[in-house]
Each structure stands twice: as C-alpha cells, then as structure tokens.
Amino acid sequence: MAKKKPKQAKAKAAAKKATKKPARKAAKPAAAKKTNGNGKSSNLPKPSSKPYGQAGRALDGLRILDFTHVQSGPTCTQLLAYMGADVIKVERPGAGDITRGQLRDVPNADSLYFTMLNGSKRSITIDSKHPKGMDILNRLIKTCDVLVENFAPGALDRMGLTWDYVHKHNPRMIVASVKGFGPGPYEDCKVYENVAQCAGGSASTTGFREGPPLVTGSQIGDSGTGLHLALGIMAALYQRNRTGRGQKVLCAMQDGVLNLARVKLRDQQRIEKGPLTEYSQYGEGVPFGKAVPRAGNDSGGGQPGWIVKCKGWENDPDAYLYFITQAPVWNEICDVIGEPTWKTDPGYATPKARLPKLKAIFARIEQFTMTMTKFEAMDLFNKHDIPCGPILSMKEIAEEQSLRATGTVVEVDHPTRGKYLTVGNPIKLSDSPADVRRSPLLGEHTEEILTKVLGYNASQLNEIKASGAITAPKKEEKAA
Ligand code: COA
C-alpha cells in the first residue's frame, strides 16, 4: 500500500497537467495512453453528458478506402459503415463490383447480392491502372485511415499499391486484407466461400456420417472472415493510438473457418484418447476412426441434442425443433413428455446411463413433439426451462417482427430496385445507433468525393473526366 502512494500522486499530477494544458505538440505516445488500472486513461475526455445514442456514432471520423469486392471484404466494411465510418468504395468504371450484376432478381437494378453487402457506403469509380486514376488514389491514400481489400493474391501489388508504397505515402494507414490462405503452400490460390469451408475443417465435420462432407448455408468463410478482419482493424487502430503508425492486418479464410470450427479440433485431440461419448455414433456402437467424424445434428457441446419432427413435418420442410436433453432439467423433460419413471430408472437417470440410448430417447421425444407445432413445443418446453429452438425458415425470419424492431432486419429503399430487406448491425452498441442505409449506385459519389473530400476544383474535375480515369472505356466503333 505504502508503495502505491507516490505512483498515484504522480498519475494525479500528470492528469492535472493534461487537463490544464491542452498539448500543443503531440504528447509522447507512451505517456498519452497510460491507464491507472480503473480503465481510466489520462487522455480520455470527460464522460459525455449527452443522452445515450446522441453522442454520434462509434466510428465517426474514421475513413476507409474500400477496395473490396464479392462478399468477404464487403461484409467487413459494411459493418464499419454501420458503426459510423465513412466507407469509400472504389470500383472499376463501367463495371463495378462483379456482384452488382450477379443473381439479379430485378432487371437492370443492382442485385440483392450487392445491395445487402454494401449498404451505408459511398461509391467512386476509378481506373486504378490509369495514371490519373493513380493520382486520385494517392490523394485517397493520404486522407484515409484504413485500406481494406480482398483481391486475389498479388493483385494489389500489381496495381502498384504495395505495402511500402502505401506506407510511404501514409505511414498511419492500416492495410487490411482477406486472402484465402495464409503463407504456405496455397498462399497464391484464389478462394471462394466453400473452398474455405472445406479447407478450414468445417465441411469434413458437417453432415451425416454415412453421407459426403457438407458445406453450411452460413457464409462462415466469407462473412465470418469479414468479421475477423473488422476486429483486426479495430485492434490495429487502437495500437495506432500508441505507436502513431499503421500496420498490415491479414485474415486468411482458412484460419477464420478453423477459428469457428475450433471445437472440432478439440475433439480431434480427444479422439486420440478414446471415443467421443457425446456423439450418437458412440451410443450406436459404431467405432471411431482416426479423424473427427461428421455428427449429423448432434449437439456441439456436452449436452446431447437432436432435431425432432413437429406437427406438419410431412408438408412443411421446416416443421422441426432442436431439442437439448440438458442434464439439469432431465426431471422436467421426463414429466413433460410423459415418461416420469425415467427420472429414477438407473438406465436413464444419469447423463452417462443415457448416452448409449440417445437415439431411442430422441425418438420418444419426437413422438411427443409431433403432436404440436414447433412454436407450441417451444412455448411448452420453455415454460419448464428446457432449452430448444424452432427451425425457422428464411420466410419466417423475414417476417419476424421482433427482428425488425431490434434493427437486425431492416427495410431500405433503393432508387432503381425499390424496397428490399437487409441484415442490419447484429452488434448493438448502446451509444451508437446503427446507420443502415441503402447501397450506392455505381459511381454515385464520384464527383462528391473528388471535390469535397479530395479538394479537386472544377477545372481539375473536368480534366479528370476527360482523361478516362473515372469513366468506362468507350466501346470501339463497329467497322462499317
Ligand atoms: N481499376 C482497374 N482494375 C481493377 C480495379 C479498378 N478499380 N479494381 C480491380 N481491378 C483489377 C485488379 O487489379 C485485378 O487485375 P489483375 O489480376 O490484372 O491484376 C482484377 O481487377 C481483380 O482481381 P481478382 O481479385 O483476381 O478478381 P477475380 O474475380 O479473378 O477473383 C476472387 C475473385 C474472390 C476469387 C479473388 O479476388 C480472391 O481470391 N480474393 C481473396 C479471397 C476472397 O476474398 N475470397 C472471397 C470472395 S467472396
């Protein structure tokens, strides 16, 4: 205790000095970020007195040079835009992000593929291979905090935007990339979602034992890696507060998928020591091989679970319920399904005794759930604290009012396609309401960015327009 006093006094004096004299020149980075262990930082402003939700957005002031396309990169920058960052999406003149035209449901309008991944951004068209285009990019590099890209390996370097080049022009710039693989034998490969699911261990552990490997509908390779990248960017920004310099952030899709499939790497190590008793394969007496098998709908954790049919399953492909035989509520489960003797029967009373009988137990539960709809079952079981979940179709999710109310599903209006649904920010910040807006048209903000962000005057703008750096190359006249 005695030792603490001088330290505290020193910190107090430093804090006083910091409040009295706003630093004219930048404070020494190390001193600027000293914390006192209570989460207080000597250079934080006074807590805002504004009501929560009215103090701006979390990432106000952050500017992103967005070179992303398809899905993985765009999910990352869209999330940052929802949180308030000014995301400037650079697209090739005349073409833009390839997804604008993919899986179109409305003729001549940007596809949902594009619009649902690029909300709240601004779009500028620049030909990065045109000398004037490179001039514009140089200005953008100087004015942005983060460059995000997910081109094929080497493409950014081929544009001339190597790390050395970017760092020389803006030493504070964070350069964040998604690639399919990290350094190693596959580092030069182009990668799409399902390739990552397969290479990251997800496909080999998904599906039924008797069937082939399966990919999941959730885009864990693309959107999952976009999420990882967003976190990496935030960490790099935080470190930049101390160091004053940017750094490279790399998220390989294989790594991202493996991170999400880590419980299967856990099981890989367990299998070397004995059978995985919570896998239904164990109860069925099927021996384990050397690698983690596919486990169908077995629960991922230590509480056995399975998907059971509900009323209407014959005609409705989603009339199912996920049911977990959680040990602490075993007695309640027995009472509700009408098997009260299972509470004390030594063959059923303990989790260990139940393991070899899981198939039969779930068959009995299913007999019961087939007498009611999945929503009735959900209501009934939850009254008894029994964990379960209805299998919701995308139609049900799209129509679910509670998801609209929380802003997880948002309807936005678009000038060429009309109203569409998008997924809002799944991360809720109590002081930063999500800013979910429609996606930009191709090049919609080109002039605005050139003049208002980069400071080009009218004659320079005309020169740029005439140069071909921001417009699609003219189609060659057909020979007469
Ligand atoms: N002006 C001029 N050229 C531009 C441009 C612009 N504004 N924007 C992009 N380009 C060019 C690039 O310079 C590159 O040209 P180059 O190969 O001649 O150097 C080309 O367009 C795009 O490259 P690439 O990324 O290879 O596109 P692709 O359609 O062939 O490949 C992927 C798509 C997704 C397979 C690949 O980008 C990839 O593997 N990305 C990393 C992993 C990833 O994110 N995958 C998930 C996608 S959801």
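Mentor: Happy to. The accessible surface of the protein comes to about 27,100 Å², and 56% of that belongs to carbon and sulfur atoms. Keep in mind that this is a predicted model.

Trainee: Okay, and what box do the C-alpha atoms fill?

Mentor: Roughly 90 × 85 × 50 Å, taken along the principal axes. The protein has 480 residues, and buried ones make up 40% of them.

Trainee: How many helices and strands are there?

Mentor: There are 20 helices and 11 strands. As for contacts between residues at least 6 apart in sequence, 66% of them join residues at least 24 apart.

Trainee: What about charge? How many positive and negative side chains does the protein have?

Mentor: There are 69 positive and 48 negative side chains, and the centres of the two sets lie 14 Å apart. On the surface, Arg92, Lys129, Arg158 and Lys190 gather in a patch of positive charge. One of them, Arg158, sits in helix 6, residues 155-158. Arg158 is exposed, with a relative accessible area of 63%.

Trainee: And how many salt bridges does the structure hold?

Mentor: It holds 24 salt bridges. One of them joins the side chains of Asp66 and Lys121, at 3.4 Å from N to O. That pair links distant parts of the chain: Asp66 is in strand 1 (residues 63-67) and Lys121 is in the loop between helix 4 and strand 3, 55 residues apart.

Trainee: Are Asp66 and Lys121 buried or exposed?

Mentor: Asp66 is buried because its relative accessibility is 0%. Lys121 is buried as well, at 3%.

Trainee: Which residue does Asp145 meet in a salt bridge?

Mentor: Asp145 pairs with Arg240, at 3.0 Å from N to O. Asp145 is in the loop between helix 5 (131-143) and strand 4 (146-149), while Arg240 is in helix 9, so the pair ties together parts that are 95 residues apart in sequence. Both residues are buried.

Trainee: Where do Lys395 and Glu399 lie?

Mentor: Both are in helix 17 (residues 394-399), 4 residues apart, which is about one turn of the helix. Lys395 is exposed, with a relative accessible area of 56%, and Glu399 is partly exposed at 47%.

Trainee: Which residues are linked in a network of salt bridges?

Mentor: Arg63, Asp86, Arg122 and Glu448 are linked that way.

Trainee: Last topic, backbone angles. What phi does Leu103 have?

Mentor: Leu103 has a positive phi of about 55°, although it is not a glycine. Most residues other than glycine have a negative phi. Leu103 is in the loop between strand 2 (86-91) and helix 4 (112-115), and it counts as exposed at 69% relative accessibility.

Trainee: And what about Ser120, buried or exposed?

Mentor: Ser120 is buried, with a relative accessible area of 4%. It also has a positive phi, of about 65°, and it lies in the loop between helix 4 and strand 3 (122-125).

Methods. Residues numbered from 1 in each chain as written. Predicted model: local features only at pLDDT ≥ 70, side-chain atom pairs only at ≥ 80, totals over all residues. Heavy atoms only, no water. Patch = residues over 30% accessible without salt bridge, like charges linked within 9 Å, V, L, I, M, F, W, Y side chains within 5 Å. Areas by Shrake-Rupley, 256 points an atom, 1.4 Å probe, with all protein chains shown as cover. Salt bridge = Lys/Arg side-chain N within 4 Å of Asp/Glu carboxyl O. Lys, Arg positive; Asp, Glu negative; His and termini not counted. Charge placed at Lys NZ, Arg CZ, Asp CG, Glu CD. Helix = DSSP H or I, 4+ residues; strand = E, 2+ residues; numbered from the N terminus. Buried < 20%, exposed > 50% of the residue type's maximum accessible area, 1.4 Å probe, protein only. Contact = heavy atoms within 4.5 Å.
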